[in-house]
Amino acid sequence: MWLKLPALLSLGLRWGLRAAPQRWQPPLSIPRRKLSAGMEEEAKRKAGYMAVDNHVQDNQTLGIGSGSTIVYAVDRIAKRVQEENLKLVCVPTSFQARQLILQHQLTLSDLDRHPELDVAIDGADEVDSDLNLIKGGGGCLTQEKIVAACAKEFIVVADYRKDSKSLGEKWKKGVPIEVIPMAYVPVTKAIAAKFGGAAELRMAVNKAGPVVTDNGNFILDWKFDNISDWKNVNIDIKMIPGVVETGLFIGMAERVYFGLEDGSVCFRDRCSH
């Protein structure tokens, strides 16, 4: 099985046996071909499975993220609960995550009852070399960030297409920004005036009008130009009246697992400066 050796090594960490964390970068000399849909899903599955095997233990409270990759992580959690009789409590980041938890017959809770989480596992739209993230392509950025901030350990799973040297290199849809509906026009103008680029109201696909978040708000997608100081940009955007939250997850992820096109999984840890 592809997980045998990595899984044994990861279990060794919990027993104090694992070697120092590795940092991984995809070899620049290997040309990247376009993944088929099946290969993309397999990469997501393996990344999700390894993250769960490495970080989920008995008697934990877990934050469950949103998106296509998390489907596989929850599937693995459910299998381990059944096989190992783990006692776990799961806190969702969205309606989708809540449904996944219930469908897999896992114990559902919330931050009222469990405000401190052991581990949160979530996906990402893009990951830069410092493990800064763009999230919110699915519209759940505010709840995802709240849950991630409540966890002792925030773990991200993705396929290698999400790995970039800098934000915006591969994710071209912009930074999602959740806003109060009455403020979306002033916020749009304020962002363009202060940071350049263009912030556009995200429109729904199967209904007339804008996308509405689980919190009843709108989402702007900000397509930016030449930004490097993401920490301060994130703070400045959040200070604009009417902004609820941004899809910039700066300095939050402890580790990212990337499923690769060759069937392997590698991880990268955040450097501590």
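A nonpolar core is a set of buried Ala, Val, Leu, Ile, Met, Phe, Trp, Tyr and Cys residues joined through side-chain atoms within 4.5 Å; buried means under 20% relative accessible area, exposed over 50% and partly exposed in between, with a 1.4 Å probe and protein chains only. The model is predicted: local features need pLDDT of at least 70 and side-chain atom pairs count only at pLDDT 80 or more, while totals for chains, interfaces and linings use all residues. Residues are numbered from 1 along each chain as its sequence is written, and side-chain values use heavy atoms, with hydrogens and water left out.

**View 1. The largest nonpolar core and Tyr257.** The largest nonpolar core has 26 residues, and Ile64, Ile121 and Tyr257 have the most contacts inside it. Two or more residues come from each of helix H2 (37-55), S1, H3, S2, H4, S4, S7 and S14; helices (H or I, at least four residues) and strands (E, at least two) are DSSP runs, numbered from the N terminus. Helix H3 gives the most, with 5 residues. Beyond residues up to four places away in sequence, Tyr257 touches a set of residues including Ala47, Met50, Ile155, Val157, Val265 and Phe267, where contact means heavy atoms within 4.5 Å. A second, separate core has 22 residues, among them Val179, Ala183, Trp222 and Ile237. In soluble globular proteins, nonpolar side chains tend to be buried together.

**View 2. The sheet of 7 strands.** This open sheet has the order S3-S2-S1-S4-S7-S13-S14 and mixed pairing; two strands pair if DSSP finds at least two bridges between them. Strand S3 (107-108) and strand S14 (265-269) are at the edges with a single partner strand each, so one side of each has no neighbour in the sheet. Strand S1 (residues 60-64) pairs with strand S4 (residues 117-122) in the parallel sense over 3 bridges. Within S4, Ala120 is the bridge partner of Gly63.

View 3. Helix H3 (residues 68-84) lies across S1, strand S2 (88-92), S4 and strand S7 (151-159), at about 155 degrees to S1. Axes are lines fitted to C-alpha atoms, for helices over the stretch in contact, and angles run from 0 to 180 degrees between N-to-C directions. Helix H4 (residues 95-103) also packs on the sheet, where it touches S1, S2 and S3, and its direction makes about 155 degrees with that of S2.

**View 4. The sheet of 4 strands.** Antiparallel pairing gives an open sheet in the order S9-S10-S8-S11. Its edges are strand S9 (198-201) and strand S11 (243-246), each with a single partner strand, so one side of each is left without a neighbour in the sheet. Neighbouring strands are turned by 30 degrees against each other on average, direction ignored. Strands S8 and S11 run antiparallel and are joined by 3 bridges, with Glu178 opposite Glu245 in S11. Helix H7 (residues 230-238) packs on this sheet, touching S8, S10 and S11, at about 160 degrees to S11.

**View 5. Lys145 in helix H5.** Helix H5 (residues 141-149) holds Lys145 and lies across S8, strand S10 (218-223) and S11, at about 65 degrees to S11. Lys145 counts as buried because its relative accessibility is 8%. Its side chain makes a polar contact of 3.0 Å with that of Glu245. A polar contact is a pair of N or O atoms within 3.5 Å; within protein, one must be able to donate a hydrogen and the other to accept it, and residues adjacent in sequence count only if both atoms are side-chain atoms.
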